[in-house]
Amino acid sequence: MSAILDAEDVFALGYAAAVAAVRDALAAGLDPDHDAPRSVLGLASGQGLLMPSEAGGWFGVKVATVAPGNAARGLPRINATYLLHDSGTLAPAAILDGVALTTLRTPAVSVGACLDRLHVLADLSPGGLRLVVFGVGPQGEGHARTIRAHVPLADVTAVTRRGGATPVWADRHLAAEDAAVTGCVGKADVIVTATSARRPVVDGRLVRDSALVLAVGSHEPSVRELDGVLMGRATVIVESRGVALREAGDVILAVQEGRFDPTSLVTMADLLGAGGTALPGDRPTVVKTSGMAWEDLVVAVAAYRQWRAA
């Protein structure tokens, strides 16, 4: 019988171990460009997504649904289940809560891609880093907590369209139109965009040359959170060149505007594989992720192994 890991079991892996799972897989030679593309199916009430991947002796597939109308029903917009199999026998090993897995692996990928740069920034700011997070949903919180699991944070500002109560993981919560947001962005060491916005939420002119920007909210070619000004100034890290040029509107639209050269994209495999690429420190670093199946697989395996050990 397959093991069943609920959300608590998945989250028990922890933020740091999830980051390590991502980095270890890439260091061992996993090539995201060889990952199977996800299938997106149009459904009567939204979308269905199938995300299969095989690596390291395991095969897994995430089955996810996106139902935009669920918000009005008081139901989750996204639901997901993950099925994990042994590659040798193809026997099912575990069924995992796919929403918890996605919530854990997404910031693990962002932070895993730039962990060395994050440590450099922390060394330059012994009092802790200044973080600005656009979005207070699970990914906004997950990124804040994953970053905090690796480096000290001196100040955390959450930003949403309307502002509101300050979440427990932040020091303040500002509305996007608040004049104070400009100052926070201009001083930020790290900026996270984890929103459902379809247009840029960050003014690229304000971002410091030393800043690190993690963009995770968009995965459609016509949708962006970052403007062409920032993309043109930055070193841009992606999971896969093919995926970025097919799905990442932040990249695609900047290329179409003539502000960004797609040949300059740096992949996570470039950074974390053998003979890793060094990043320049005189311009912003952008990590733009769209979400890939291999990420779910390596974090699911790590969570399953920890569950078995416990």
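Me: Is W307 buried, partly exposed or exposed, and at what relative accessibility?
Reply: This is a predicted model, in which local features need pLDDT of at least 70, side-chain atom pairs count only at pLDDT 80 or more, and totals for chains, interfaces and linings use all residues. Residues are numbered from 1 along each chain as its sequence is written, and side-chain values use heavy atoms, with hydrogens and water left out. Buried means under 20% relative accessible area, exposed over 50%, and partly exposed in between (1.4 Å probe, protein chains only). W307 therefore counts as partly exposed, at 35%.

Me: How many aromatic pairs does a search of the whole structure find?
Reply: Rings of Phe, Tyr and Trp (its six-membered ring) pair if their centres lie within 6.5 Å; planes under 30 degrees apart count as stacked, over 60 as edge-to-face and the rest as tilted. Under this criterion, the number of aromatic pairs found in the whole structure is two.

Me: Which geometry do the rings of W58 and Y304 have?
Reply: The ring centres of W58 and Y304 are 5.7 Å apart and the planes stand at 80 degrees, so this pair is edge-to-face. W58 lies in strand β4 (residues 58-66) and Y304 in helix α11 (residues 293-309), so the pair ties together parts 246 residues apart in sequence; helices (H or I, at least four residues) and strands (E, at least two) are DSSP runs, numbered from the N terminus. The geometry of W58 and Y304 is edge-to-face.

Me: Which geometry do the rings of Y304 and W307 have?
Reply: Y304 is buried, with a relative accessible area of 8%. The ring centres of Y304 and W307 are 6.3 Å apart and the planes are at 15 degrees, so the pair is stacked.

Me: Which residues do ring pairs link into a cluster?
Reply: W58 counts as buried at 12% relative accessibility. Y304 and W307 are three residues apart in helix α11, separated by about one helical turn. The cluster linked by ring pairs consists of W58, Y304 and W307.

Me: Which residue forms a salt bridge with R241?
Reply: A salt bridge is a side-chain nitrogen of Lys or Arg within 4 Å of a carboxyl oxygen of Asp or Glu, and the whole structure holds 17 of them. For R241, the closest N and O atoms of the bridge are 2.8 Å apart, and the partner is D270. This pair links distant parts of the chain, with R241 in helix α8 (residues 241-247) and, in helix α10 (residues 268-272), D270.
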